[in-house]
Structures are given as C-alpha cells and as structure tokens.
Amino acid sequence: MPVLDIYTIDGTKAGTVDVKEEIFGIKPNKAVMHEVLTAELAEVRQGSASTKTRAEVRGGGRKPFRQKGTGRARQGSTRAPHMVGGGVSHGPKPRDYVKKVNKKVRKLAIRSALSAKVNKGEIIIIDAFELEKPKTKTIIDFSKKLDMAGAKQLYILNDLYIENEYNAYLSIRNIEKSYVLMPNELSVYWLLKQDKIIMTREALAQIEEDRKSTRLNSSHRCLS
C-alpha cells in the first residue's frame, strides 16, 4: 500500500497517510492515458472554423465570357474554387470534435496518472490550509520549503465554499504556473501537465471515495 507524507502549511512534516492501492498503486496504463488525453484535448476544440463553397459565395450567376472564340479556357462562373473570390473546395465546416470514451476508461486513466505521480514522488499531502485571509507569500514560502519553487504546481482543494480553502484559492491563483482544481475536476491533462500535485487530506479522501465505485484490474486496457 503506497504511503504519502503529510505536511503542514509551514512546510514541516506532520506524519504519513496510507492511500488506496487500487487508486494510487496500480501499474500506469499508458495506452489508456493517451486515449483519454487525446479525448480531453479534442473536447476543448471549438470546431467553429468555416468556409463557403461555390454555392454559398455571393454572385457568379452569369457566365463570365462566351464559351468559344476567346482563346481562353471555358468558364461557367467567377465563383468556382480556382477563381479569385470564388468558393473553397473541401474547406472546413463547423463540426464537433468530441470523442466518446467510456466512464471506466476515464477512471482507469485518472488512476494511472495518479499512480504515475506517486511513483515519481510528485504528490504531496497538506494537512490543511489554515489561512484566515488570502496571503500569497505563505503559499510561496510553503513551495520553497518543499523545493517546489519554479515548478508547475496543481493544488487540489476539496471545497471552495470553506473560508480557509477559498482563501487558499485566492492566494494560489496569482502564482505563475500554479492552478487550483476540485476533486471532481481532475483530468489526465492536468495531472500530466503539472510537475507537483498538492492536495489536502479532505481532497484525498474525496478522490478515494469518488474512485472506489469502479474497481478495475490495472492490466485491463479498456480500449475501444
């Protein structure tokens, strides 16, 4: 069973916590992580690029010149794709880039990404953010004490409606390369993009609660 260190806001070690093997201790499935990451990136594409075909371009109803006797190639419209000001042949049209991925596959990908971070020692548990008011310097000092200064950091907070955690959010959001998510917003993209993952004990418990409902063997590829 994996064991993670717990730290306080002042950077001192406050103990350890055992995390669930089936969430943080499986063999990372790279194929599934790649599939889900590709789907996540596709889902954020707007798909709004659009061009007009020759039928949609205004004008071009009259034949530009007579069929024979000019020495030029015959033309039927000035809005043909090869003409200046004409339509676009095989151009992009608005479309949806969403790629269907099963829920079990997404959960396995999240577990694989979390396990990969644990294997690299890049997950840090903080006991709690005891901030009576927003103070960015406190978070920066915390990062420096754990040798995370300059690293891309992802903070996972359990409930932003709690005053201390909301103050933590206000303190973190102004730090370069640092982002805040809640447990239900976890994605493979953010787990792989950021160098360090810092989560509260409450967020850790919530992640374990959310992921325990569907238990998968780490060797099951779940590829569609």
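Which residues of the largest nonpolar core touch the most other members? In this predicted model, local features need pLDDT of at least 70 and side-chain atom pairs count only at pLDDT 80 or more, while totals for chains, interfaces and linings use all residues. Residues are numbered from 1 along each chain as its sequence is written, and side-chain values use heavy atoms, with hydrogens and water left out.

A nonpolar core is a set of buried Ala, Val, Leu, Ile, Met, Phe, Trp, Tyr and Cys residues joined through side-chain atoms within 4.5 Å; buried means under 20% relative accessible area, exposed over 50%, and partly exposed in between, with a 1.4 Å probe and protein chains only. The largest such core has 32 residues, of which Phe24, Leu114, Ile123, Ile125, Ile156, Leu191 and Met199 touch the most other members. Its largest share, seven residues, comes from α3; helices (H or I, at least four residues) and strands (E, at least two) are DSSP runs, numbered from the N terminus. Apart from this core lies another, of 17 residues, including Phe142 and Ala168.

Turning to the strands, six of them form an open sheet of mixed pairing, in the order β2-β1-β3-β6-β4-β5; two strands pair if DSSP finds at least two bridges between them. At the edges are β2 (13-18) and β5 (178-181), each pairing on one side only. Strands β4 (153-156) and β6 (196-200) run parallel and are joined by four bridges, and Tyr155 stands opposite Ile198 in β6.

A last stop is Glu122, in the loop between α3 (103-119) and β3 (123-126). Glu122 counts as buried because its relative accessibility is 17%.
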